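Q: I would like to learn how to read charged side chains in a model. Can you take me through some cases?

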Amino acid sequence: MAKNKFGSKLGVVMAAAGSAVGLGNVWRFPYLAGENGGGAFLLVYIICVLVIGIPVMMSEFVIGRRGSGNAVGAMRSLSGGRKWDWLGAICILCSILILAFYLVVTGWCVKFFLLSLFGAAPADWINTLIALGLNVLILGLGVEKGIEKVSTVLMPLLLVLLVMLVVRSLTLPNSGEGIRFLFEPDFTKITTDVWLAALSQSFFTLSLGMGCMLTYASYMKKEQNLWSTAAQVASIDTLVAILAGVAVFPAVFSLGFSPTEGPQLVFDVLPEVFHSMPGGSVFGVLFFLLLLIAAVTSAISIQEIQVAYLNEQHQMSRSKALVWTTAVAFALAMLCSLSLDGSLSIGGRGLFDWFDYLTSKFLMPLSAIGFVLYLGWFYPTEESRDEIKQGSEGREWLFQTWLWTIRTVVPAGIFIIFLHGLGVF
């Protein structure tokens, strides 16, 4: 069967940026920055994106486009056998577990958007079903007409909405306190915990270690410049995170709330912020629409990992693959949602928390370290160089820097995240 491809360079960047830009930027980044010193966290986070995030993204790009397939198929193609299939299989498993709880959170975005718009929302399971329905609608249109075209529309819309919220936030009294909190780093607050939080966030926000970037890279044409694509995606992702911080912190400080509220900063504190500010109802609608768009563009990339695998490895039509992955996602998402009230727990931890814990602490770091070690030490260097040179000129120094980084710095950084997840330190 003919291989699906993105239609344009802009579409590639928007789709990949849509995968990277998600709840990690608009929900997770502000509360982590709030808990970890604001400007101190931002500075360390940018360093981690440059040193760890972009090299790992480039690795997934190389494997996906060179192997021209899904996570399992690409590794099988590059290695010439099945001995590296386990690495791709981790990505498939990771995407299944992440999609289950991510759809629940996307359902919360649906709920708060409807509440801000109409003052009422259906039951949580219906909101989750609506979130899944949006996924099916977009993925059912295919790679170019669905993922690419929708991302090309939604990503600029997301940026426009975010800028509108930033402008409104900056006009609030004493908004300068929030700006200083975000952009004036207190170097005494840069601790080991801040480094670990920033390293983990850079990894999470760029959709690394689950096969999203690898799968999207398999849809890239050879003339697509991987260097510029990685740089553009990382830049857009970081810009959205910073703008989200600029939209949140001036409002939080202006109205007397604490930036250290944790994960509930967006879902609990911001509605109160909007309620307290002039014209807050309108900006509440815009913010939760923004949050919903960010969630959906990431959710479709996660489910696409599974659809591509069934389509390419098991010769299943996209429509049939979509039905199967949707059925599994719905069942697991319902179980995750039910587990939030304390039922369906294992070892005192609900399924929602278990899926989040297993993927972020173990599966994603394991697959990412496998990708970089494979490319750095087991795959022929000339093959990697040839793939990266497609669509670009020269830049041998950049290739050598990337190769050295994925052989040494990146594995060490990911291993630190892994040990932290195990509670070693």
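Q: This is a predicted model. Which side chain meets glutamate 383 in a salt bridge?

A: Side chains of opposite charge can pair when their charged atoms come close. Here the partner is arginine 66, at 2.4 Å, N to O. The pair links distant parts of the chain. Glutamate 383 sits in helix 16 (residues 381–389) and arginine 66 in helix 3 (residues 39–67), 317 residues apart.

Q: With which other glutamate does arginine 66 meet in a salt bridge?

A: Glutamate 387, at 3.0 Å, N to O. This pair also joins helix 3 to helix 16, across 321 residues.

Q: Are these residues buried or exposed?

A: Glutamate 387 is buried, with a relative accessible area of 0%. Glutamate 383 is partly exposed at 32%. Arginine 66 is partly exposed at 22%.

Q: Where do arginine 180 and glutamate 177 lie?

A: Both are in helix 8 (residues 175–183), 3 residues apart, about one turn of the helix. Arginine 180 is partly exposed at 39%, and so is glutamate 177 at 41%.

Q: Which residues do salt bridges with shared partners join into one network?

A: Arg65, Arg66, Lys222, Glu383, Asp386 and Glu387. The whole structure has 12 salt bridges.

Q: What is the nearest side chain of opposite charge to arginine 28?

A: Aspartate 356, 6.7 Å away. A salt bridge needs the nitrogen and oxygen within 4 Å. Arginine 28 is buried and has no salt bridge. Its side chain makes a polar contact with that of glutamine 201 (2.7 Å). Arginine 28 belongs to helix 2 (residues 23–35).

Key: Residues numbered from 1 in each chain as written. Predicted model: local features only at pLDDT ≥ 70, side-chain atom pairs only at ≥ 80, totals over all residues. Heavy atoms only, no water. Helix = DSSP H or I, 4+ residues; strand = E, 2+ residues; numbered from the N terminus. Buried < 20%, exposed > 50% of the residue type's maximum accessible area, 1.4 Å probe, protein only. Lys, Arg positive; Asp, Glu negative; His and termini not counted. Polar contact = N/O pair within 3.5 Å; in protein donor to acceptor, adjacent residues only side chain to side chain.
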